[in-house]
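Student: Please take a close look at one part of this model, the salt bridges and the helix packing around them.

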Amino acid sequence: RLTYGLIETEVGDALSMADVRESIDHLFGLGRFDDIQVFPEGAGNGVRLKYVLVPRHAVQSVEFRGNRGLPEEDLRQAMSERFGALPDAGRANDVARALIEVYRQRGFVRARVEPQVQELHDPDRAVMIFTIDAGARAPIQRVEVQGLEAAARLGVRAIIS
């Protein structure tokens with residue numbers, strides 16, 4: 001009889017979806033599973049519940065592939081500051097959005113970042129992969145300094161029109 005204080009459904013009790021949901025909540029609370037599914041199977045006059053637990057695949061490394069346009073160290077630093085050196089696999093899309101913002105701030109206005117989590121087994125680990133297409137840096141189309149005081153602060157001695 002498996003209870004351990006986590007599984008609320010017990011042999012002999014009437015089937016209660018509230019107990020099934022609470023059991024799932026308890027198991028998710030352990031932080032060790034990416035997914036938990038419950039399958040009912042006919043068993044004589046009753047039902048057998050099969051809990052399928054998909055182990056969490058901890059990220060063991062992060063890779064940056066493709067046309068990065070920026071140094072890998074800069075990308076790792078930006079990711080680590082916000083998500084840690086090895087983000088949770090479920091945050092891959094959030095990391096990708098943050099990296100796109102880094103690219104935009106540095107002039108790569110059309111940058112694309114595609115996240116992927118490659119699961120490994122034995123033990124259950126994962127590699128987070130970001131395939132990047134930085135594109136071209138946006139060129140400066142025009143620079144304008146207005147007012148003599150602003151020009152003087154910038155060290156401009158003469159303004160030529």
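**Salt bridges and helix packing**

Tutor: D94 and R91 pair through their side chains in a salt bridge, at 2.8 Å from N to O; the term requires a side-chain nitrogen of Lys or Arg within 4 Å of a carboxyl oxygen of Asp or Glu. The model is predicted, so local features need pLDDT of at least 70 and side-chain atom pairs count only at pLDDT 80 or more, while totals for chains, interfaces and linings use all residues. Residues are numbered from 1 along each chain as its sequence is written, and side-chain values use heavy atoms, without hydrogens and water.

D94 also forms a salt bridge with R97 (2.4 Å, N to O). D94 and R97 lie three residues apart in helix α3, about one helical turn; helices are DSSP runs of H or I with at least four residues, numbered from the N terminus. D94 is partly exposed at 25% relative accessible area, whereas R97 is exposed at 51% (buried is under 20%, exposed over 50%, partly exposed in between, with a 1.4 Å probe and protein chains only).

D94 is also among the α3 residues that meet α2, together with V95, A98, L99, V102 and Y103; the α2 side supplies L75, A78, M79, R82 and F83 (contact means heavy atoms within 4.5 Å).

A network of salt bridges links R68, E72 and R76. The whole structure has eight salt bridges.

Methods. Helices (H or I, at least four residues) and strands (E, at least two) are DSSP runs, numbered from the N terminus.
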